Amino acid sequence: KTDTKIISIISILIILLLAILVYSSLARNSNNDAKSLSKGINPPRGNSSAEDTIIEFGDFKCPACKASHPIIDEILENYNVALYYRNFPLEMHGAISFLASEAAECANDQEKFWEYHDILYDNQEYFMTKQDLIAYARQISMNEEEFNLCLDSEKYKGEVQKDISDAKKAGIKGTPTFYVN
């Protein structure tokens, strides 16, 4: 039991250290603030008419992205701000990361982007296959046939690639990266 507690504490410390390293290594470029970046195609979370915006470049398989969400939720709850999510699936997380980004865009077609976003982060450690992504769509009552057609057609492959390209142009090297105006 003591070993389990020690392992848990060490795991938490490693995750916190990883989050600190990711945040400290993020590119800072004064020419690329939130006002000059596109907000992408997904609806905002928070107050859509807020003057203040946060643009997040994230990866659904990134532990630091998942760890940042309680903080972002608290900001959205306490401040008049809109959060926009852009995809930046990292190669180190494999092809499933890119596919999860495409799946989230397909969820947006059914106005369930944020529900799907949340279920992906809640189950980050578990999804490994396309079938897992389809099962999550089913869990949030999406039209499965429509979702599968969207995913199979790679309808949003170009949009995810655009997010990646925009991120690289902005000097982003890791996730999560946030731009705040």
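Predicted model: local features only at pLDDT ≥ 70, side-chain atom pairs only at ≥ 80, totals over all residues.

1. The largest pocket is lined by Phe-88, Pro-89, Leu-90, Glu-91, Gly-94, Ala-95, Phe-98, Ile-164 and Lys-168. Two elements, α3 and α7, each give two or more residues to that lining. By class, the lining holds six nonpolar residues, one polar and two charged. The volume of the largest pocket comes to about 170 Å³.

2. Next, the helix pair. Two packed helices are described by the angle between their axes and the distance between the axes. Here helix α3 (residues 95-109) and helix α7 (residues 157-169) have axes that come within 9 Å and cross at roughly 115°. The crossing of α3 past α7 is right-handed.

3. Which residues make the contact between these helices? From α3 they are Phe-98, Ser-101, Glu-102 and Glu-105, and from α7 they are Lys-157, Val-160, Gln-161, Asp-163 and Ile-164. Sorted by class, the contact of α3 with α7 has three nonpolar, two polar and four charged residues. If you are looking at both sites, note that Phe-98 and Ile-164 belong to the helix contact and also line the largest pocket.

4. On aromatic rings, the structure holds six pairs. One of them is Tyr-116 with Phe-147: the ring centres are 5.6 Å apart and the planes stand at 50°, so this pair is tilted. It links distant parts of the chain, with Tyr-116 in helix α4 (residues 113-122) and Phe-147 in helix α6 (residues 144-153), 31 residues apart.

5. Two backbone details are worth a look in your viewer. Most residues other than glycine have a negative phi, and most peptide bonds are trans. Glu-111, a residue other than glycine, has a positive phi, near 55°, and sits in the loop between α3 and α4. The peptide bond joining Thr-175 and Pro-176 is cis, with omega about -5°. Pro-176 lies in the loop between α7 and β4 (177-180).

Definitions and conventions: Residues numbered from 1 in each chain as written. Heavy atoms only, no water. Axes fitted to C-alpha atoms, helices over the stretch in contact; angles between N-to-C directions. Helix = DSSP H or I, 4+ residues; strand = E, 2+ residues; numbered from the N terminus. Left-handed = near helix turned anticlockwise from the far one by under 90°. Contact = heavy atoms within 4.5 Å. Nonpolar A, V, L, I, M, F, W, Y, C, P; charged D, E, K, R; others polar. 1 Å grid on protein atoms, 1.4 Å probe; cavity = no way out; pocket = protein on both sides within 12 Å on 5 of 7 lines; lining within 4 Å. Points joined across faces, edges and corners; volume = space filled by probe spheres on them. Phe/Tyr/Trp six-rings, centres within 6.5 Å; stacked < 30°, edge-to-face > 60°.
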